[in-house]
Amino acid sequence: MPLQKLQFRPGVNREGTTLANEGGWYDCDKVRFRSGFPEKIGGWAALSYNTFLGVCRSLWNWVTLRSYNLMGVGTNLKFYVEDGGAYYDITPIRETNANPGAGITLTASGTVLTVSDPAADSLQVNDFVTIAGANTIGGVNVNGEYQIKTITSGTVYTITLATAATGSVSNAAITIAYQINTGFATYTIGTGWGTGTWSRGTWGSGFTTGFGFQLRLWSQSNFGEDLLFSPRGGALYLWQPGSGATPAYGTRGSLVSGTDVPALINEVMVSDTSRIVICFGCNDYGAYGTTALDPLLIRWTAQESYTDWTPSATNQAGSYRLSHGSTIIGALQTRQEIVVWTDAAIYSMQYLGPPFVYGFTLLADNISIVSPNAMATANGVVYWMGVDKFYSYSGRVETLPCSVRTYIFNDINKDQEAQFNAGTNEGFSEVWWNYCSKNSDVVDRYVIFNYLDRVWYYGTLDRTAWLDSPLRPYPAAATAGNILVYHEAAVDDGSTNPPSAIDAYVQSSDFDIGDGHNYGFVWRIIPDITFDGSDTTGATSDKPVVNFTVRPRQNPGANYGIADQPAVTSKQSYAGQTTYNVQQFTEIVYTRIRGRQMAFKVESNTIGTQWQLGVPRIDTRPDGRR
C-alpha cells in the first residue's frame, strides 16, 4: 500500500463520534491551529513574582500624561494599580473612626487582638482595617493593617497579631480606618438569614445571592489619566495619579462626589466618542438616589464630567430604562456603538448628541449571556458566550457555529457563570473564554475561537481575568496563583520559578486503515514536524522532543488496543497503544501496530519545546480479516 498521509481538518470537532469525524481532530489541550496545522500554544511569563491578595476579576490598562503605563487590578479583597510588576493598594476607605463616643479599646491575648469600636458598622469577616496611633501592648506595636477574622458583635471583632501580646489599651489617639467591604471569590448559593452585608434587604428576610453581592466583580475605565472604578453593586470611586514625578501611590481611591452621583452601580464605562461617564444598572435621581438599584436603568453624566449627573437644559446628562429583561448583565464599547446585554435581550446604544444624547435599538430578543465579562470584540465583530451557545454581532446578531458546543456546555458549572471571562489574542486571531468545568468551583478550562480560520479548540488553564491591550507587549492574564502573566512571551509555564513544562497534546479522530474492512499493519511512520521557537539554552532545558502515539482499535466503541497486539519492549506500551519519541532529526519511526481504525496523537511535556505539526505519513500493509 502507498504511504498514507495523516493530514486532518483544522480545529477540534466534538459534535459526533470519533469515527464520524474521520479526517479531523477530536481532542486537545494547550494547542492552537495556525494556517490549518496544530502547534503548541505560546507559553507565559510572569510580569513579576510579586503577588496580590484575592482573586483578580478585572484588568484595565492606561497611560498617564507622564507616560506611566499602569494597570488597574480588581480582586475580591482589594483594588490595586500595577506598575512595573509592583502592586500598589488603592482600595478605598469607607469610613475612619477616631476614638468616637466611649472610645476604642484594644485587648490582646496571645496573637488574638479584640477590637471594640462603638462606631464600627457594616463589618464583614475578611474586611481590612488599619489601626494607627495606638500605644504598644506588652511591648508589641499593634499599629498596621489587618484582616478581620471573627465578628463578636456589630462593633466588636478580632484580628490576628504577628507577635503574641497580653494587655489592653484605650487612648484618644487611636484611629481605625475601614476599607470598603470585601467580596466573595466564588458565587455562593443563598443561605438565608445573614447572607450578604448588613441591612441589605428588608428586616427579617433571607437573602438570595446574585452577581452584585456574592461574587466581587469590578468595572473600570480611565477618564483621561484618572481611573474610575466600581465594585458591582457598589459606589463609584476615583483614583488620580497626581502631578508629581511618580504616581501618587500613597493615596487611595476616593468616593466620587457631585450632583446626583449614583450610589449603587453595576457597571461603569467612559464613552470614547463623547467623554461621558455611563452607568449600567444603578439607582435613580433625587429622592430615589440612595434607596434601590434599578438593574435596567442606564444613567450618564454631562459631557467632560464625572461629577455632574443631574440632567438640565444646558448639559447632556440623562437616563434611559431598558424594557426587555430583568437586569443588565454587561456592556461593551465598540467602534460606533455600545452593545448592552440584559438577561433576555441585546441593545445597541448610539450617541446622537443633544437633545436626545443617546438612542437605543433592540437588536435581538431571547438572547442570553453567561456573565458580565463573557464578551469580547475583535476585528469589528462582537463575540460572547450564552448559556447554551455562542453568539456574534457584526451588524446583526447570529448564532456562532461551534464544533465543540456539546462538549463545552455539557461540562460547565452554571452556578459559577459569573466567573466566566473572555478576551482576545489578536496576534493569533483568537477569542478566549475561560470558564469552570462541571465539577469545579474555580476557572479551570478555556475554549478558543479562531475567527480567521473559523475553527475551535480548548484546554485546561486557570485564568480569572484577561486583557489584550495594545499598550502592553503581550496579552496579560491573572492566574489562580495571584500573579499576572504575559501570554505568548515564553515557551514554558513561567508562572512558577523556575519555569515548568507545558503539557500540550492534540489527538485525531479515528481513521480507517485502508478501507476499514481488513486489518492494517503499520510498520513505520515518517514524521513531519518543526521545532521552530524551541528554547534549549537554559540549564534545565531538554532537547526539543515530542511523543507520537498511535492508538489502534478493532471496531468503533471498542477499547483502544487489541488483545493479540505483540509485546513491544523497546517502546512505551499500554493497552495496545505505542508511543514513539520524535526529535528534530528523526527521519523514520519503526512500528508494529495492527488494527482496523487508529487514532494519532502528538504530545509534548518537556522544558523548552515548541512545535508545529506538518503532514506525517504512515506505511501500512494489509493484514487479513477477522
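Are Asp27 and Arg14 buried or exposed? I looked up both: Asp27 is buried, and so is Arg14. Buried means under 20% relative accessible area, exposed over 50%, and partly exposed in between (1.4 Å probe, protein chains only).

A note on the source. This is a predicted model, in which local features need pLDDT of at least 70 and side-chain atom pairs count only at pLDDT 80 or more, while totals for chains, interfaces and linings use all residues. Residues are numbered from 1 along each chain as its sequence is written, and side-chain values use heavy atoms, with hydrogens and water left out.

Next I looked up salt bridges (a side-chain nitrogen of Lys or Arg within 4 Å of a carboxyl oxygen of Asp or Glu). The whole structure has 18. Asp27 and Arg14 form one, with their closest N and O atoms 3.8 Å apart. Asp27 sits in strand β3, and Arg14 in the loop between β2 and β3. Strands here are DSSP runs (E, at least two residues), numbered from the N terminus.

Then I turned to Lys78. At 1% relative accessibility, Lys78 counts as buried. Lys78 meets Asp89 in a salt bridge (2.6 Å, N to O). Asp89 is in strand β10, eleven residues from Lys78. Lys78 also meets Glu145, at 3.0 Å, N to O. Lys78 lies in the loop between β8 and β9 and Glu145 in strand β14, so this pair ties together parts 67 residues apart in sequence. Glu145 is partly exposed, with a relative accessible area of 36%. Shared partners join Lys78, Asp89, Glu145 and Arg252 into one network of salt bridges.

Note on methods. Helices (H or I, at least four residues) and strands (E, at least two) are DSSP runs, numbered from the N terminus.
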